[in-house]
Amino acid sequence: MSEPPLKPVLQKPPGYRDPNLPAAAQSGFRPPPRKPVLPPSFNPRRRNRSFCRVCCCWLCIFVLVLVLLAVIGGLVFYIWFDPKFPVFHIRSFRITRFNVTERPDGTYLDATTTTRLEMKNPNVKITYYYGKTEVGVSVGEGGDETPVGTTAVPGFTMWKQSTMSLKVETKVSNTLVDDWVGKRLRSRYRNKILAVKVEARTKVGVSVTGLKVGKVAVTVKCDGITMKELDGGDMPKCVIDMLKW
């Protein structure tokens with residue numbers, strides 16, 4: 001018995017859409033593949049940020065601890081050693097020569113001075129040691145202030161609860177000054193009302209129980225006093241400026 005003849009396969013007409021298939025499959029569009037979702041431990045950026053935050057936190061804690069220790073150490077040092085600044089006075093001041101000469105080409109000043117600067121260390125447990133000290137002397141005040149010499153003193157040490165005196169001699173020769181300045185200085189010198197100023201620049205270090213601490217710049221200023229007051233026995237206290245030149 002012969003088989004029935006096969007029916008020819010019918011071709012789908014152009015633009016035919018199967019109602020049983022989704023529209024995306026009929027158009028040939030394929031959605032992009034989704035990226036796999038990784039756990040937070042696999043994210044390197046977040047790990048780096050967390051590490052930086054931890055480092056910053058520990059650094060801040062370390063700095064705060066250092067500051068706290070420094071404050072505690074300074075407080076203990078102050079209570080235990082009771083540090084005090086050295087005291088400076090002008091013990092005496094003499095002008096052994098003071099000539100104001102008027103010439104056709106100007107007014108000239110010749111002056112020689114001798115100053116004794118007294119220093120006291122009131123500390124019981126602290127020793128001060130000084131570097132090279134430059135001492136400058138000037139007379140007059142305001143616009144007529146005139147330098148009359150500078151000298152250098154070698155370094156020295158002030159032991160605990162000690163007092164010492166420095167002798168400073170200065171000299172100027174043929175120093176040209178304004179005519180009105182020369183006349184005013186000469187008049188005030190004769191009347192013993194000439195203002196005197198002594199300024200010392202040095203570096204001071206501290207020694208505690210044999211341990212030396214580095215030196216700092218110090219300026220000692222002694223002014224606001226006249227020759228008449230110094231001759232009368234006044235010993236004006238000088239002012240100490242730290243870290244100023």
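A cavity is a set of grid points where a 1.4 Å probe fits but cannot get out. In the present structure, which is a predicted model, a search of the whole structure finds 1 cavity of 30 Å³ or more. The largest cavity holds about 60 Å³ of space. Its lining is made up of Phe88, Leu117, Met119, Tyr130, Thr133, Phe156, Leu166, Ala200, Thr202 and Val220. Sorted by class, the lining of the largest cavity contains 8 nonpolar and 2 polar residues, and no charged residues.

The volume of the largest pocket is about 290 Å³. A total of 18 residues line the largest pocket, and those nearest its centre are Phe85, Tyr128, Val206, Val216 and Met242. Elements that give two or more residues to the lining of the pocket are β3 (126-130), β8, β9 and β10. Of these, β9 provides the largest share, with 4 residues. The lining of the largest pocket comprises 15 nonpolar residues, 2 polar residues and 1 charged residue.

Packing of nonpolar side chains was considered next. In soluble globular proteins, nonpolar side chains tend to be buried together. The largest nonpolar core in the model numbers 39 residues, and Ile90 and Phe98 have the most contacts inside it. Strand β1 contributes the largest share of this core, namely 6 residues. Beyond residues up to four places away in sequence, isoleucine 90 is in contact with Thr115, Arg116, Leu117, Val198, Cys222, Leu230, Asp234, Met235, Pro236 and Cys238. Two of the partners of isoleucine 90, Cys222 and Cys238, are the cysteines that form a disulfide.

Histidine 89 is located in strand β1, which spans residues 87-103. Histidine 89 counts as buried because its relative accessibility is 16%, and the cut-off for burial is under 20%. With residues up to four places away in sequence left out, histidine 89 touches Arg116, Leu117, Glu118, Met235, Pro236, Lys237 and Cys238. Arg116, Leu117, Met235, Pro236 and Cys238 are among the residues touched by histidine 89, and they are also among those touched by isoleucine 90.

The disulfide count for the model is 1. The bond joins cysteine 222 and cysteine 238, whose sulfur atoms lie 1.8 Å apart. The torsion about this S-S bond is about 105°, and the disulfide is therefore right-handed. Distant parts of the chain are linked by the pair: cysteine 222 belongs to strand β9 (residues 211-226), whereas cysteine 238 sits in the loop between α4 (227-231) and β10 (239-242), 16 residues apart. Cysteine 222 has a relative accessible area of 4% and is therefore buried. Cysteine 238 is likewise counted as buried, because its relative accessibility is 7%.

Cysteine 55, with a relative accessible area of 37%, is partly exposed. Cysteine 56 takes part in no disulfide, and the nearest cysteine sulfur, which belongs to cysteine 60, is 6.5 Å away. Cysteine 56 has a relative accessible area of 48% and is classed as partly exposed.

Definitions and conventions. Residues are numbered from 1 along each chain as its sequence is written. This is a predicted model: local features need pLDDT of at least 70, side-chain atom pairs count only at pLDDT 80 or more; totals for chains, interfaces and linings use all residues. Side-chain values use heavy atoms; hydrogens and water are left out. Buried means under 20% relative accessible area, exposed over 50%, partly exposed in between (1.4 Å probe, protein chains only). Contact means heavy atoms within 4.5 Å. A disulfide is a pair of cysteine sulfur atoms within 2.5 Å. On a 1 Å grid over the protein atoms alone, a cavity is a set of points where a 1.4 Å probe fits but cannot get out, and a pocket is an open set with protein on both sides within 12 Å along at least five of seven lines; lining residues have an atom within 4 Å of a point. Grid points are joined across faces, edges and corners, and a volume is the space filled by probe spheres set on the points. Ala, Val, Leu, Ile, Met, Phe, Trp, Tyr, Cys and Pro count as nonpolar, Asp, Glu, Lys and Arg as charged, and the others, Gly among them, as polar. A nonpolar core is a set of buried Ala, Val, Leu, Ile, Met, Phe, Trp, Tyr and Cys residues joined through side-chain atoms within 4.5 Å.
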